[in-house]
Amino acid sequence: VQLVESGGGLVQAGSSLRLSCAASGATFSIISMGWYRQAPGKQRELVAAITSGGGSTNYADSVKGRFTISRDNAKNTMYLQMNSLKPEDTAVYYCNAEVDYGLLGTSVDWGQGTQVTVSS
C-alpha cells in the first residue's frame, strides 16, 4: 500500500489544520491505519489510530479532545482534524497502515510525512 500525506503547514497556536492520507494499491487489505508524529530529537509517537471500518479509534492523551481521526473508505483516505493546536504539536506527521498480505503475513506501510509547525 502506498500512502501520501498532505495538509501540513505553519500555523499559529490555537489554529486548526486537517491532514489527509491518501492510500493506493491493496487498500482492501488494510486492517487499521494511524497517525504518528516525530518531533526533533524525540521518538516517533502514536497520535491516533482507527480500524478499517472506522468503528474503533484511540488517541494519545496529549491530543484527546483536540484531534479527530476519521476515514473515508470510498476515497481511500484517512484524515486527522487538529484543533486548538499548540507549539508542542510541532512535528513531522506520518500516516501508516497495517496491511494483511495473506500468506506473506502482515506489514506496516508508511507515508513520507508532512511537517506541522505551530508558532506561539
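The following questions and answers cover the aromatic pairs of a predicted model.

Residues are numbered from 1 along each chain as its sequence is written. In this predicted model local features need pLDDT of at least 70 and side-chain atom pairs pLDDT 80 or more, while totals for chains, interfaces and linings use all residues; side-chain values use heavy atoms, without hydrogens and water.

Biologist: How many aromatic pairs does the structure hold?
Modeller: Rings of Phe, Tyr and Trp (its six-membered ring) pair if their centres lie within 6.5 Å; planes under 30 degrees apart are stacked, over 60 edge-to-face, and the rest tilted. By that rule the number of aromatic pairs is two.

Biologist: What kind of pair do Tyr-36 and Trp-110 form?
Modeller: Their ring centres are 5.1 Å apart. The planes stand at 65°, so the pair is edge-to-face.

Biologist: Is Tyr-94 buried or exposed?
Modeller: Buried means under 20% relative accessible area, exposed over 50%, and partly exposed in between (1.4 Å probe, protein chains only). Tyr-94 has a relative accessible area of 14%, so Tyr-94 is buried.

Biologist: Which residues do the ring pairs link into a cluster?
Modeller: Tyr-94 and Trp-110 form an edge-to-face pair, 6.4 Å centre to centre with 85° between the planes. Ring pairs link into a cluster Tyr-36, Tyr-94 and Trp-110.

Biologist: Where does the charged end of Arg-44 sit?
Modeller: A charge sits over a ring if NZ of Lys or CZ of Arg is within 6 Å of the ring centre and within 35 degrees of the ring normal. Arg-44 lies over the face of Trp-110, at 4.6 Å from the ring centre. At 3.7 Å from the centre, its charged end also sits over the ring of Tyr-94.
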